[in-house]
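Work through the exercises below with the sequence and the model open. Each task is followed by its solution.

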Amino acid sequence: MANPWTGEVALTIDGEQRVLKLTLGALAELEQELGAGSLVELVQRFEGGAYSSGDVLTLLVAGLRGGGAQVTRDDLLHAEIAGGPMAGAKAAAELLARAFMVPEQ
């Protein structure tokens with residue numbers, strides 16, 4: 001079960017519910033792999049709908065790794081995501097939003 005207060009997002013991949021989370025290491029990996037000048041730029045891509053399927057894939061792989069899974073980009077290329085590409089894009093956007101969410105006091 002994913003805990004949104006700790007930045008976790010749930011996504012069903014190949015019939016198994018997985019927990020994704022963007023750790024600091026995963027965020028650094030994202031900046032490098034996506035060629036984003038900053039994480040703010042990456043967030044703006046998603047908010048403006050200017051993200052690519054590659055952006056979504058890279059975010060999901062980073063989130064899976066942050067959640068403790070040993071996966072590669074190739075693993076996810078051949079995986080079945082419940083809800084299809086839109087569910088994957090929604091999970092990727094939620095990962096970004098939750099990574100920068102400040103818990104309420």
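**Exercise 1.** How close do the axes of H1 and H3 come, and at what angle do they cross?

Solution. The model is predicted. In it, the axes of H1 and H3 come within 9 Å, and the crossing angle is roughly 155 degrees. Angles over 145 degrees count as roughly antiparallel, and H1 and H3 are therefore roughly antiparallel to each other. The crossing of H1 past H3 is right-handed. By class, five nonpolar, two polar and four charged residues make up the contact of H1 with H3. On the H1 side these are Ala 26, Glu 29, Leu 30, Glu 33 and Leu 34; on the H3 side they are Gly 54, Asp 55, Thr 58, Leu 59, Ala 62 and Arg 65.

**Exercise 2.** Check the span of helix H3 against its number of residues.

Solution. H3 covers residues 53–66, which is 14 residues. After H3 comes Gly 68, with a positive phi near 105 degrees.

**Exercise 3.** Is Thr 58 buried or exposed?

Solution. Thr 58 lies in helix H3. Buried means under 20% relative accessible area; Thr 58 has 6% and is therefore buried. Beyond its neighbours within four places in sequence, Thr 58 contacts Leu 30, Glu 33, Leu 34 and Arg 73.

**Exercise 4.** Why is H3 described as largely enclosed by the rest of the structure?

Solution. Eleven of the 14 residues of H3 are buried, so the helix is largely enclosed. The buried residues include Val 56, Leu 57 and Leu 60. Among the elements covering them are strands S1 and S2 and helices H1, H2, H4 and H5.

Terms used
Residues are numbered from 1 along each chain as its sequence is written. This is a predicted model: local features need pLDDT of at least 70, side-chain atom pairs count only at pLDDT 80 or more; totals for chains, interfaces and linings use all residues. Side-chain values use heavy atoms; hydrogens and water are left out. Helices (H or I, at least four residues) and strands (E, at least two) are DSSP runs, numbered from the N terminus. The expected span of a helix is 1.5 Å times one less than its number of residues. Buried means under 20% relative accessible area, exposed over 50%, partly exposed in between (1.4 Å probe, protein chains only). Contact means heavy atoms within 4.5 Å. Axes are lines fitted to C-alpha atoms, for helices over the stretch in contact, and angles run from 0 to 180 degrees between N-to-C directions. Angles under 35 degrees count as roughly parallel, over 145 as roughly antiparallel, 65 to 115 as roughly perpendicular and the rest as oblique. A crossing is left-handed if the near helix is turned anticlockwise from the far one by less than a right angle, and right-handed if clockwise. Ala, Val, Leu, Ile, Met, Phe, Trp, Tyr, Cys and Pro count as nonpolar, Asp, Glu, Lys and Arg as charged, and the others, Gly among them, as polar.
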